[in-house]
Amino acid sequence: MKKIFLLAMLTVLGVTTSNAQETKKAKAPADVKTAAPKLEGAGMVFETETIDYGTIEHNAEGTRKFVFTNNGNKPLIISNTQGSCGCTVPTTPKDPIAPGAKGEIGVHYATDRIGAFTKTVTVTSNAEGQPTKVLTIKGNVLPDPAPATPVVPKS
């Protein structure tokens, strides 16, 4: 009787341990984050290459930012950023972006212009394989609401 009891306990313990290990194995791939592959030279990977302002009010805040990571093994140097017109003004990072570090390219759109827009920002850098990169901003600026006409009482 003792042997049967001992065998049953070992079986239950073995199944419990096995299930716990399988649960850990199943969760492991979800917890692992894969890093962007390192490039030989400087690299530039953007979180997004298009910023959608959506529908915004006339004269709303027009500043947004493109966030990127240097996925290379050398410092990234952005030598120039150029908007597609005078209504799109980008800002260029002054300092080199170290390998693995994040950087930002700011962009300001003149929201005093009413209507739909799609503009680009061209980035020039020492990124390996892509010395120029074109980013896009888009959206729609609403006109000011029409002033309410005063109601004149009839006499």
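These legends accompany close-up views of aromatic pairs and salt bridges in a predicted model. Residues are numbered from 1 along each chain as its sequence is written, and side-chain values use heavy atoms, with hydrogens and water left out. Because this is a predicted model, local features need pLDDT of at least 70 and side-chain atom pairs count only at pLDDT 80 or more, while totals for chains, interfaces and linings use all residues.

**View 1. Phe 46 and Phe 66 form an edge-to-face pair.** Searching the whole structure turns up five aromatic pairs (rings of Phe, Tyr and Trp, the latter by its six-membered ring, with centres within 6.5 Å; planes under 30 degrees apart are stacked, over 60 edge-to-face, the rest tilted). In this one, the centres are 6.4 Å apart and the planes stand at 90 degrees. Phe 46 sits in strand β1 (residues 45–46) and Phe 66 in strand β3 (residues 63–69), 20 residues apart; strands (E, at least two residues) are DSSP runs, numbered from the N terminus. Phe 46 is buried at 8% relative accessibility, and Phe 66 is buried at 0% (buried is under 20% relative accessible area, exposed over 50%, partly exposed in between, with a 1.4 Å probe and protein chains only). Ring pairs also bring in Phe 68, giving a cluster of Phe 46, Phe 66 and Phe 68.

**View 2. Tyr 53 meets Tyr 109 edge-to-face.** Here the ring centres are 6.4 Å apart and the planes are at 70 degrees. Tyr 53 belongs to strand β2 (residues 50–56) and Tyr 109 to strand β6 (residues 102–109), so the pair ties together parts 56 residues apart in sequence. Tyr 53 is buried at 6%, and Tyr 109 is buried at 3%.

**View 3. Lys 102 forms a salt bridge with Glu 47.** It is one of three salt bridges in the whole structure (a side-chain nitrogen of Lys or Arg within 4 Å of a carboxyl oxygen of Asp or Glu). The closest N and O atoms are 2.9 Å apart. Lys 102 is in strand β6 and Glu 47 in the loop between β1 and β2, so parts 55 residues apart in sequence are tied together. Lys 102 is exposed at 55%, and Glu 47 is exposed at 54%.

**View 4. Glu 49 pairs with Lys 133 in a salt bridge.** Their closest N and O atoms are 3.0 Å apart. Glu 49 is partly exposed at 37%, whereas Lys 133 is buried at 16%.

**View 5. Lys 65 and Glu 104 meet in a salt bridge.** The N to O distance is 3.2 Å. Lys 65 lies in strand β3 and Glu 104 in strand β6, 39 residues apart.

Notes. Helices (H or I, at least four residues) and strands (E, at least two) are DSSP runs, numbered from the N terminus.
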